[in-house]
Amino acid sequence: MLNRRTFLKNGAATFPLAAALKAVQPARSAEIFDDAAGAGVIPKLVPLPPRLTPFDSAALPWQQKVHRVGQSNMTEHDPAVMNVEEWADYWRSARADVLFISVTGILAFYPSKVPFHRPGKFLNGRDFFGECVAAAKKRGMRCVARMSPDLNWPDALEAHPEWAMRHPDGSPQFSGEDPRLFRTCMFSTYMDDYVPAIIREVNSLYDVDCFYTNGWPPLGSLPNCHCAICSKLPPSNTPAYWGAFNDRLLQLWQKYDAIAKEKKPDSFFFANLGGNVHAGPNLDRLGKTAAWFQGDNQGRTSDDPAIWGCALQGRVCHAVMDGKFATNITAAYSTGSVRWRNLSKNPAEANMWMNETLASGLALYYHFIGSEAGLGEDRRWQKVGADYFQWASKHDAHLKPRRSLANIGVVIGQSTQLLYPGPAVAHSHEYMRETTHGLYEALLAGRFAFDFVHEDRLEPERISKYRALLLPNIAMLSDRKCDQIRAYVRSGGSLMASFETSLYDENLNLRADFGLADLLGISKAGEVVGTNGNAYYGRIERSHPILAGFSNTNWLPGSQNRVPLKPVPDPVLTVVPGFVQYPPELAYPSVPRTNEPAVVLREAGSSRIAYFPGDIERTFWLTGHGDLLRLLHNTIGWITRDERIVHVEGDGFLEIFAWETTPGYAVHLLNYTNPNSHHGWLRSVYPVTTQNVSMRLPDTVKVTAVELLRAGRSLPFQLDAGVLRFAVPRVEDYDVAAITVS
Ligand SMILES: [Zn+2]
């Protein structure tokens, strides 16, 4: 077994791990591929770490004590129609801690003296913003001053042509919906002068608690501007541009933050974020700067049609905020490709988005747009939000996580998500999105407890808690990151990687061979092979635990695309190359057997490594093929040695979160067993029955109560030899098993 001492003795340059890793020996007879073998694997419960020491929550910054955020997003017409007292009463009754109130930058909700900050046309000299701030403060709620720096009007464009984003032909870029509004460039003095002038003016006039910009930075994409300044920058959507974008973003963020603090030291600036794993700003840098992560991921879209979109965003926040304040917005209005901004969405869908917010460790945030007729022509959203907020307010202690208990880390390749175009045979902006969703669904279906890990946060102190890291086609990896992953494996961690992982450096330059070739035990034998007709197969060559449950077949599905590899000793699966799918007369393999590996497995000490040369996660997402799911589950089980920190057994498609909390622990069960989980929206709830939960607590911990927070009842439990067991008899759309310990 390789240990740290032998590694150091042998020297890093020769990298002895490659030699130490050996091909995995057959586990059992090649004839055994019975279905029963894959079922009923008994996970090994690993003990939870010693509990964190108590801390004084009173010493936290004010925003970290916020549990519920409310926003009636204000329209230009609202000063003429919105009932300010009713608005403030509603949010107070819902137990909101803080409200967003519009200052804006496109039009002013107060009598602004900043040039080009034109008053809204229904303002009529009134200080609508000031009235709202006063009404909120009178009821004990804090106020966020909300600005929109992304658009402005023709008079501003005429006076400041340099403020506009430009097309390659030099013409200004305009709003796609209201062509009077031009799009402002974040590199221009609009952001240096105009936005700070508004922050200073608001700070001088009102008692607000912090400042926020909507509409900037962009979500999930990068700007593409050809103004005089941007023309001197590297082309958009390149690694070099991303660097310049992040530098400018952080410069502005810190500048606005300093201006916000000029009046009150506990004030701050924050901005529109979201886009989950393919966010625009570098999330590692941003996480170190931001006091508030504002996940603007308000509902399902045609791009992200799966129900877990909010929970996915929550995992991203958790990966980069180190426990600082984070929230994701639930739109009470109708989101999606066809929108109704002033109309309520299905309550079941809005509720699930709030369930996911809490389950993933975020603070609740509920949002509607426009207050026609007092507080909205459609008022159905109000009871949905108020009921939810009021319930949650009874359980703040149990709903606030201190740390995740997950034992699997999924690496977020943010640069790959943003900048990698997919393999040449399948260029697609959706490529990595589909990859992420494929792995995400597989992890949910296997009820694994996992965290996201940002690619810039692979230091041992952050990742040593994970039994395994998963690298779903993390194509772009710097030499340094490759070294960090090697060190992780050397210290006993396991890996599952796929497809073009490490085939590119951080600048998207193609390497001659994989950056992790030595670690993964692979070598590239040719360019990526796509599918034209019938995709390739993986021929079963010998028995192995990752093939448990497969019987009565000699081959399994491969993936849509693969990197051809040089042969490895004693392969478990080999590639049967793709062939014609139509006409059926030609739908047979012209080459029925090769020595090209379709999976490569290695083992050294407690580390296990699995590499799939195909884009298996994405292919699972595109096809839903159960063989691919089983293969992924078996492989994750093998590399983690079936170790679990919490085991939840029962029927249904659930997402699970397990947190350590101040009172004890919280196991969140999100029930996605619903015909509308992959295509919105939820219309009804389809309850699941008994879920048996088990977890191994630290030796000294005693359990005093297990309570279901949604159902509002106590549960009987057993604590035998450190293993806590209880049964959740029924889960509607969501429940939280809150465990109180002493
Ligand atoms: Zn520009």
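The model is predicted, so to speak of a local feature requires pLDDT of at least 70, side-chain atom pairs count only at pLDDT 80 or more, and totals for chains, interfaces and linings use all residues. Residues are numbered from 1 along each chain as its sequence is written, and side-chain values use heavy atoms, leaving out hydrogens and water.

Start with Asp296. This residue lies in the loop between strand S10 (292-295) and helix H10 (309-321). Helices (H or I, at least four residues) and strands (E, at least two) are DSSP runs, numbered from the N terminus. Is Asp296 buried or exposed? Asp296 is buried. Buried means under 20% relative accessible area, exposed means over 50%, and partly exposed lies in between (1.4 Å probe, protein chains only). Asp296 has no salt bridge. A salt bridge is a side-chain nitrogen of Lys or Arg within 4 Å of a carboxyl oxygen of Asp or Glu. The nearest side chain of opposite charge is Arg341, 7.3 Å away. Lys and Arg count as positive, Asp and Glu as negative; His and the chain ends are not counted. Asp296 does touch other residues, including Asn214, Leu219 and Asn328. Contact here means heavy atoms within 4.5 Å.

Now turn to charges that do pair. The structure holds 48 salt bridges. One of them joins the side chains of Lys137 and Asp207 (3.7 Å, N to O). This pair links distant parts of the chain, 70 residues apart. Lys137 is in helix H5 (residues 128-138), and Asp207 is in the loop between H7 and strand S8 (210-213). Lys137 counts as partly exposed because its relative accessibility is 27%. Asp207, at 39%, also counts as partly exposed.

Asp456 forms a salt bridge with Lys481, with the closest N and O atoms 2.9 Å apart. Here too the pair links distant parts of the chain, 25 residues apart. Asp456 is in the loop between S18 and helix H16 (460-463), while Lys481 is in helix H17 (residues 479-490). Lys481 has 10% relative accessibility, so it counts as buried.

Asp615 and Arg618 form a salt bridge as well, their closest N and O atoms being 3.4 Å apart. Asp615 counts as buried at 1% relative accessibility. Arg618 counts as buried at 7%. Salt bridges can also share partners: Asp284, Lys288, Asp322, Arg457, Glu459 and Arg462 are joined in one network this way.

Next come the rings. The structure holds 46 aromatic pairs. Why is the pair of Tyr190 and Tyr194 stacked? Their ring centres are 4.5 Å apart and their planes are at 25°, so the pair is stacked. Rings of Phe, Tyr and Trp (its six-membered ring) pair if their centres lie within 6.5 Å; planes under 30 degrees apart count as stacked, over 60 as edge-to-face, and the rest as tilted. Tyr190 and Tyr194 are 4 residues apart in helix H7 (residues 189-205), so about one helical turn separates them. Both Tyr190 and Tyr194 are buried.

Tyr440 and Phe450 form an edge-to-face pair, 5.4 Å centre to centre with 85° between the planes. Tyr440 is in helix H15 (residues 431-445), and Phe450 is in strand S18 (residues 450-454). Both residues are buried.

Methods:
Lists of a residue's contacts leave out its neighbours within four places in sequence.
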